[in-house]
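Good morning, and thank you for coming.

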Amino acid sequence: YIDNINIGVTHNSNNVGVEEFNVSNIKLWPNPSSDKVNIEVMNVDKYDLSLYNAVGQKIYAQANVSGLIQINVSDYASGIYFVEVKVEGKPIRKKIIVQ
């Protein structure tokens with residue numbers, strides 16, 4: 001029989017797994033905005049980005065994004081919009097206000 005087993009686990013602290021990905025990984029500024037919105041997703045190599053209007057219509061999408069991205073919202077009507085960041089199929093949404 002085996003009485004002594006050691007299992008080593010390594011952890012890469014630079015990237016979070018999808019189970020650790022949450023709303024705190026997403027930074028949006030300025031909010032509210034009338035010109036450009038900066039979106040930065042922390043500790044993730046690649047993600048998909050979408051922007052939805054208040055009735056749920058997708059009005060912007062970009063796949064395999066990394067780092068900081070800017071979306072020009074100056075042509076959008078004033079109101080509430082939702083930024084969706086999807087990492088490995090897991091979506092997280094944050095609200096932005098366009099003035």
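I shall speak about the strands, the nonpolar core and one glutamate.

First, the basis of the work. This is a predicted model, in which local features need pLDDT of at least 70 and side-chain atom pairs count only at pLDDT 80 or more, while totals for chains, interfaces and linings use all residues. Residues are numbered from 1 along each chain as its sequence is written, and side-chain values use heavy atoms, with hydrogens and water left out.

Let us start with the open sheet. Three strands form it in the order β1-β2-β5, with antiparallel pairing. Strands here are DSSP runs of E of at least two residues, numbered from the N terminus, and two of them pair if DSSP finds at least two bridges between them. β1 and β5 are the edge strands, each pairing on one side only. β1 and β2 are joined by 4 bridges, and Leu28 stands opposite Ile39 in β2.

Ile39 leads us to the core. A nonpolar core is a set of buried Ala, Val, Leu, Ile, Met, Phe, Trp, Tyr and Cys residues joined through side-chain atoms within 4.5 Å; buried means under 20% relative accessible area, with a 1.4 Å probe and protein chains only. The largest such core has 21 residues, and Ile39 is among those with the most contacts inside it, as are Phe21 and Val83. β6 (79-87) is one of the elements that give two or more residues to this core, and β6 gives the most, with 4 residues. Beyond residues up to four places away in sequence, Ile39 touches residues including Leu28, Tyr47, Leu49 and Val83, where contact means heavy atoms within 4.5 Å.

Now to β6 itself. β6 runs antiparallel to β3, with 5 bridges between them, and pairs with β7, also in the antiparallel sense, over 9 bridges. In the hairpin of β6 and β7, 2 residues lie between the strands, and Glu88 takes a positive phi near 50°. Val87 stands opposite Lys90 in β7.

Finally, is Glu84 in this strand buried or exposed? Glu84 counts as buried because its relative accessible area is 9%. Ser50 stands opposite Glu84. The side chains of Glu84 and Arg93 are joined by a polar contact of 3.1 Å, that is, a pair of N or O atoms within 3.5 Å, of which, within protein, one must be able to donate a hydrogen and the other to accept it, and residues adjacent in sequence count only if both atoms are side-chain atoms.

Definitions and conventions. Buried means under 20% relative accessible area, exposed over 50%, partly exposed in between (1.4 Å probe, protein chains only).
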